[in-house]
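Me: I am new to this structure and would like to learn how to read its features one at a time. Could you take me through them slowly?

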Amino acid sequence: MRDNKGFTLIELLIVVVIIAILAAIAIPKFSATREKAYFAAMKSDLKNLASQQEIYYADAYAYSAVTADLSFTSSDGVTVSIVASTSGWSASAVHAALGTAEGCVIYDGTATTPTVGTTTASAPGEIACSA
């Protein structure tokens, strides 16, 4: 009589198939979570920029487009573009991992709303994102 210790080939294949099905379900959910983190970083940077602009305005009675004047540093991978005048400012943020068609925008004062892809902010101080 044979000593049956171990798994058969069919049992091992069933386990591999189950693991593959679970991976196929889990991987897209992780991708969506990563994209949400990119948008959260851009929103956070724009909120910080708005605070820094108001602090600068309290001192200089004008807004600045120079990040060094504002003591502003964006997150890794996030590029923030600023346009400013004495009566308003606008900014857009894009993440290197998402491309230039997706991003977030904000404006304040008399500045015109910037666009990223088809996204525009509808009210001053409001952050609008493409996703």
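Predicted model: local features only at pLDDT ≥ 70, side-chain atom pairs only at ≥ 80, totals over all residues.

Me: What is the strand order of the open sheet, and which strands are its edge strands?

Reply: The open sheet has 4 strands in the order E1-E2-E3-E6, with antiparallel pairing. Its edge strands are E1 and E6, the latter covering residues 128–129, and each of these two pairs on one side only.

Me: How many residues lie between E1 and E2 in their hairpin, and which residue stands opposite Val78?

Reply: E1 and E2 form a hairpin with 3 residues between them, and they pair in the antiparallel sense over 7 bridges. Val78 stands opposite His95 in E2, while the bridge partner of Ile82 in E2 is Ala91.

Me: Is E2 mostly covered or uncovered, and which of its residues point which way?

Reply: E2 is mostly covered, with 8 of its 8 residues buried. Gly88, Ser90, Ser92 and Val94 point one way from the strand, whereas Trp89, Ala91, Ala93 and His95 point the other way, and the residues of both sets are buried.

Me: Which residues of the largest nonpolar core touch the most other members?

Reply: That core has 19 residues, and the ones touching the most other members are Met42, Leu46, Leu49, Val80, Trp89 and Ala91. H1, E1 (78–84), E2 (88–95) and E3 (103–109) each supply at least two residues of this core, and the largest share, 6 residues, comes from H1. A second, separate core of 6 residues includes Val94, Val105, Tyr107 and Ala121.

Me: What does Met42 touch, leaving aside residues up to four places away in sequence?

Reply: With those neighbours in sequence set aside, Met42 touches Val78, Ala93, Val94, His95, Leu98, Gly103 and Cys104.

Me: Why does Phe39 count as buried, and what does Phe39 touch beyond four places in sequence?

Reply: A residue is called buried when its relative accessible area is under 20%. Phe39, which has its place in helix H1, counts as buried because its relative accessibility is 6%. Not counting residues up to four places away in sequence, Phe39 touches Leu98, Glu102, Gly103, Cys104, Cys129, Ser130 and Ala131. Although Phe39 and Gly103 are 64 residues apart along the chain, their C-alpha atoms are separated by 7.2 Å.

Me: Is Thr119 buried or exposed, and in which strand is it found?

Reply: Thr119 is found in strand E5, residues 119–120, and it counts as buried because its relative accessibility is 9%. Setting aside residues up to four places away in sequence, Thr119 touches Val105, Pro114, Ala128, Cys129 and Ser130.

Me: Why does Leu9 count as exposed, and which residues form the nonpolar patch on the surface?

Reply: Here the cut-off for exposed is over 50% relative accessible area. Leu9, which lies in helix H1 (residues 9–60), counts as exposed because its relative accessibility is 61%. Leu9 forms a nonpolar patch on the surface with Ile10, Leu13, Ile14, Ile18 and Leu22, and together these residues have about 620 Å² of accessible area.

Key. Residues numbered from 1 in each chain as written. Heavy atoms only, no water. Patch = residues over 30% accessible without salt bridge, like charges linked within 9 Å, V, L, I, M, F, W, Y side chains within 5 Å. Areas by Shrake-Rupley, 256 points an atom, 1.4 Å probe, with all protein chains shown as cover. Salt bridge = Lys/Arg side-chain N within 4 Å of Asp/Glu carboxyl O. Buried < 20%, exposed > 50% of the residue type's maximum accessible area, 1.4 Å probe, protein only. Contact = heavy atoms within 4.5 Å. Core = buried A, V, L, I, M, F, W, Y, C linked by side-chain atoms within 4.5 Å. Pairing = 2+ DSSP bridges.
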